[in-house]
Amino acid sequence: MHNPQLNKHGELQHLITLDGLPKAILTRILDTAASFVGVSDREVKKVPLMRGKSVFNLFFENSTRTRTTFEIASKRLSADVINLNISASSASKGESLLDTIDNLAAMHADMFVVRHAQSGAPYLIAKHLIDTNQQHVHVINAGDGRHAHPTQGLLDMYTIRHYKKNFSNLTVAIVGDILHSRVARSDIHGLTTMGVPEVRAIGPRTLLPGGLEQMGVRVFTDMNEGLKDVDVIIMLRLQNERMTGALLPSAQEYFKSYGLTPERLALAKPDAIVMHPGPMNRGVEIDSAVADGAQAVILPQVTFGIAVRMAVMSMLAGA
Amino acid sequence: MHNPQLNKHGELQHLITLDGLPKAILTRILDTAASFVGVSDREVKKVPLMRGKSVFNLFFENSTRTRTTFEIASKRLSADVINLNISASSASKGESLLDTIDNLAAMHADMFVVRHAQSGAPYLIAKHLIDTNQQHVHVINAGDGRHAHPTQGLLDMYTIRHYKKNFSNLTVAIVGDILHSRVARSDIHGLTTMGVPEVRAIGPRTLLPGGLEQMGVRVFTDMNEGLKDVDVIIMLRLQNERMTGALLPSAQEYFKSYGLTPERLALAKPDAIVMHPGPMNRGVEIDSAVADGAQAVILPQVTFGIAVRMAVMSMLAGA
Amino acid sequence: MHNPQLNKHGELQHLITLDGLPKAILTRILDTAASFVGVSDREVKKVPLMRGKSVFNLFFENSTRTRTTFEIASKRLSADVINLNISASSASKGESLLDTIDNLAAMHADMFVVRHAQSGAPYLIAKHLIDTNQQHVHVINAGDGRHAHPTQGLLDMYTIRHYKKNFSNLTVAIVGDILHSRVARSDIHGLTTMGVPEVRAIGPRTLLPGGLEQMGVRVFTDMNEGLKDVDVIIMLRLQNERMTGALLPSAQEYFKSYGLTPERLALAKPDAIVMHPGPMNRGVEIDSAVADGAQAVILPQVTFGIAVRMAVMSMLAGA
């Protein structure tokens, strides 16, 4: 099978991962997003591009925040949105994932936005739709297990391009629990594809996966070294469930070694920007002085995220 | 009181049960549905027939799947939809069912889609609206206890008519847990009204209710006998909670006696169709080879279900 | 800081409490609501005043009924509505209230409808939006702790004005658990501002807060005395959790002393109206004969409530 994300005309058919997506496609998404940033600023925040289309938010794992961003993006494109918390429904009645998918496709769905705790679930769904010739339905991965979170990766690319203009001379550091982070994985693939010459991963050895060097990433366990002269810092959320596990001593201990403080931020370039996918743990991975400081672009990330999702959805709907 | 489902002009006012609905009304619903099948195929899947109408999905019993079909049907008719899970709300504050209904009616609701674990709840609501002269609100039964599931019955009639053209020379078998099935009850009333000459019920004696013969149904406990030369097979879902009860030995045992396998299907007419209301228990009531086979029309049922619900809603809204 | 509810032109910017709102503003809301009462009666119950605006229902405390009224009001104004049950989402991920707010504001929200168990939460949110210069987002308090429920207060004013024409010669009694009631507090502020000469509070001493006399309210512990010759009776809901506490002996005991029976109602003026914010406890604070009687205006309150919410929302959106 060729890249299941592209149709035979090379257009985006599904968005599952940034891994393997050509730079031209990423650039086209970012350019399309730029045209949508203005829509959310208007008096009437709506364009009719997806009028009469049916978007299903299939959240097998609960995430109000991510679901909300897709719901807003859909509504601003004039689509009809149906929210489904699948954990609470058919899954409990023993129906298989693919039966649920076939059922919803038979309702003439146009798009599935899929969040799932299992890595690979959105790919499985897209592959099934291709195999069963149900090409009218497009899949967007809204986060699957530790695998990928491509729209988060894309909004991070958008934010970096917005503030740094181009990717070709940047050093970008990703800090924290790289091991469990689908955001980190999507960011690494996006940054590499866009031509960022130096991507760094910073974290305790227990939270760094193997294979980073092979992906072209420089690994640091010492944060002060890792932040030296970087242009962009992407902080990752430390999941609560890790804090009391065997992988980490404690939240306070973590903050001491890997929390982003004003002092540490001073090691980066003076115009470095600070990003975070949210929700933040203030005082765990990031100091409030940094989160609310002049270099933080965390809220613009959210704003751009709506435009990026509108771009992906409208491109898929038009494919 | 005359038939509470029809207004004084003989038009559909509420849809509570197929029992007692004239053939002319059923036929009109199916014909109207036929005109909506095309809408879901269009680029813009929307007609403005219910623009500015307020539809309330009142689900006293959770059912994401059924709620979704009504939500899509409403949105494709351009209605505004409000989803209410009543179990989690006022009911817990001790408010009576009819106070809740009066309240929502006072918000100028146009339609209540009611799902309730208690048989008779939608009838009670419709009767109350008639008694209190609140005729602007229409009730659709989306499944009540063991009593009725009329839109499922109607979509089954639609599917049968679609594949078999007319009802007048068919043998239809309904297989499984007839005793607890509101689908079976609505199907039997629909098939009888539409003039199907032979309706069969097949199942273990413990899952067959009394009185089937009086409804004109032929009863079989042996599946091989019951399937002989039938045109249509309607498989019922075996509810998990029955499988470990006193009524049934085990899921495996059930499959051995009443699961629809390719071998058993071969006993029916060569062009027999296989239906199922979903969600399916593969390997319990139906073999995957049959569920995914050429004679299964289970996914078309879902597609037709949207059109049938659009037909019922638009007819009620116009009454 | 000046009154945070008004902008520098003296227009309504946020609706947090009726306390301190000028009579001219209250009157303008009621007049605007009057123009919306007709909209819900029309064939197409929709006006395009908030087309393309994004309204977020932020319910930190569950209330299906109140959420529903705001959802309908939004949809009839053609706004896009996003429902968020925050208790179940980011709050559980440890994100702070104001980070959640900033995040949603960054999605270009236009309005937050906030329900919160903590008194003061909507004020805190409005103040934060002012302090951080995010004036494009408007806050409506949909009930906070024991503090205020201003849209309920306004719909009560609307109902009284509708039936009694003007406020200047009325005696209004509020009966029940005044201590824990945000409705009572908003009603007292509204009635006082609108110029009602006599407001009475009736209830057991344990459910009457201190300071009522200073607010200009006459206090009665004997219901028969308190109801004498009143024009309007506002019954409050007795919360279940109070009924078995130290504050009250039992529901039956409460009904005997403070339940509104036909006999007690006869003590009021013959044309007195009976109001209740719902949901009612029939047989606890109100007899069914009164709730369903000719003097009850409880369902018209619900109808007017939609119009009042449409008025507040459209005024805020235009400010």
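1. Strand 6 and strand 7 (residues 217–220) of chain B run parallel, joined by four bridges. Two strands count as paired if DSSP finds at least two bridges between them. I202(B) sits opposite F220(B) in strand 7 of chain B. Strands here are DSSP runs of E, at least two residues; helices are runs of H or I, at least four residues; both are numbered from the N terminus.

2. A word on the source. This is a predicted model: local features need pLDDT of at least 70, side-chain atom pairs count only at pLDDT 80 or more, and totals for chains, interfaces and linings use all residues. Residues are numbered from 1 along each chain as its sequence is written, while chains are lettered from A and ligands numbered from 1 in the order in which they are written.

3. Strand 6 of chain B covers residues 198–202. Four of its five residues are buried, so the rest of the structure largely encloses this strand. Buried means that 20 or more other C-beta atoms lie within 10 Å of the residue's own; exposed means 12 or fewer, and partly exposed is in between, with C-beta atoms placed from the backbone.

4. On to strand 5 (residues 171–175) of chain B. Strand 5 is joined to strand 6 of chain B by five bridges, and the two run parallel. V175(B) faces I202(B) in strand 6 of chain B. Strand 5, helix 6 (residues 182–193) and strand 6 of chain B form a right-handed β-α-β unit. Right-handed means that, with the strands pointing away from the viewer, the path from the first strand over the helix to the second runs clockwise.

5. Strand 5 of chain B also pairs with strand 8 of chain B, in the parallel sense, over four bridges. Here V172(B) has V232(B) as its bridge partner. Strand 8 (residues 232–235) of chain B is covered on both faces: V232(B) and I234(B) are buried on one side, I233(B) and M235(B) on the other. Three bridges link strand 8 of chain B to strand 9 (residues 273–275) of chain B, again in parallel. V232(B) has I273(B) as its bridge partner in strand 9 of chain B.

6. Now the contact between chains. Chain B gives 21 residues and chain A gives 19; contact means C-beta atoms, placed from the backbone, within 7 Å. On the side of chain B that touches chain A, helix 2 (64–76) and helix 12 (298–318) of chain B each supply at least two residues. Helix 2 of chain B brings the largest share, seven residues.

7. P48(B) lies in the loop between helix 1 (23–37) and strand 1 (54–59) of chain B. P48(B) counts as exposed because it has 10 C-beta neighbours inside 10 Å.

Methods. Two residues are in contact if their C-beta atoms, placed from the backbone, lie within 7 Å.
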